[in-house]
Amino acid sequence: TGPYALRAIGKDTFILSEDVEAYLRATRVFDGGITSKRSLVQIQQQFNVWQQESGRSLQQISQIIALSVGENFVGMAR
């Protein structure tokens with residue numbers, strides 16, 4: 001709930017949803033447990049690189065990843 005609360009107060013952050021985690025594992029951004037300090041540092045570093053390269057916010061980057069992986073039904077009738 002932390003990242004959601006930060007977003008609610010206007011802080012730019014990414015959310016490690018299942019789809020984002022799956023993408024990060026598939027691209028070998030991290031290899032340990034999702035909550036280990038080492039993994040979280042690796043994930044933060046990668047998001048920082050993507051932010052610098054793209055000029056996009058952390059929120060935009062995590063949303064792009066989340067909507068690019070797995071099943072997505074945004075704006076679609078099921």
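Please keep in mind that the model is predicted.

**The core**

Let us start inside. The largest nonpolar core has 13 residues, and those that touch the most other members are Val 20, Leu 24, Ile 43, Phe 47, Trp 50 and Ile 65. Helix α4 provides the largest share, with four residues. In soluble globular proteins, nonpolar side chains tend to be buried together.

Setting aside neighbours within four places in sequence, Ile 65 is in contact with Val 20, Tyr 23, Phe 47 and Trp 50.

**The aromatic pairs**

Searching the whole structure turns up three aromatic pairs. Two of them are set out here.

| Pair | Geometry | Centre to centre | Between the planes |
|---|---|---|---|
| Phe 14 and Phe 47 | stacked | 4.0 Å | 10° |
| Tyr 23 and Trp 50 | tilted | 6.2 Å | 50° |

What does each pair join? Phe 14 sits in the loop between α1 (2-8) and α2, while Phe 47 belongs to helix α3, so their pair ties together parts that are 33 residues apart in sequence. Tyr 23 is in helix α2 and Trp 50 in helix α3, so this second pair ties together parts 27 residues apart in sequence.

Phe 14 and Phe 47 are both buried. Tyr 23, on the other hand, counts as partly exposed because its relative accessibility is 30%, between the cut-offs of 20% and 50%. Through ring pairs, Phe 14, Tyr 23, Phe 47 and Trp 50 are linked into a cluster.

**A buried glutamine**

Helix α3 also holds Gln 42. Is this residue buried or exposed? With 19% relative accessibility, Gln 42 counts as buried, because the cut-off is under 20%. Not counting residues up to four places away in sequence, Gln 42 touches Val 29, Phe 30 and Asp 31.

The buried residues in α4 are Leu 58, Ile 61, Ser 62, Ile 65 and Ala 66. Viewed down the axis of α4, these buried residues fall within an arc of 130°, so they line one face of the helix. An α-helix has 3.6 residues a turn, so residues three or four places apart point the same way. On the other side of α4, Leu 67 and Ser 68 are exposed.

Which elements cover the buried residues of α4? Among them are α1, α2 and α3. After α4 comes Gly 70, with a positive phi near 75°.

Definitions and conventions: Residues numbered from 1 in each chain as written. Predicted model: local features only at pLDDT ≥ 70, side-chain atom pairs only at ≥ 80, totals over all residues. Heavy atoms only, no water. Core = buried A, V, L, I, M, F, W, Y, C linked by side-chain atoms within 4.5 Å. Buried < 20%, exposed > 50% of the residue type's maximum accessible area, 1.4 Å probe, protein only. Helix = DSSP H or I, 4+ residues; strand = E, 2+ residues; numbered from the N terminus. Contact = heavy atoms within 4.5 Å. Phe/Tyr/Trp six-rings, centres within 6.5 Å; stacked < 30°, edge-to-face > 60°. Arc of directions from axis to C-beta.
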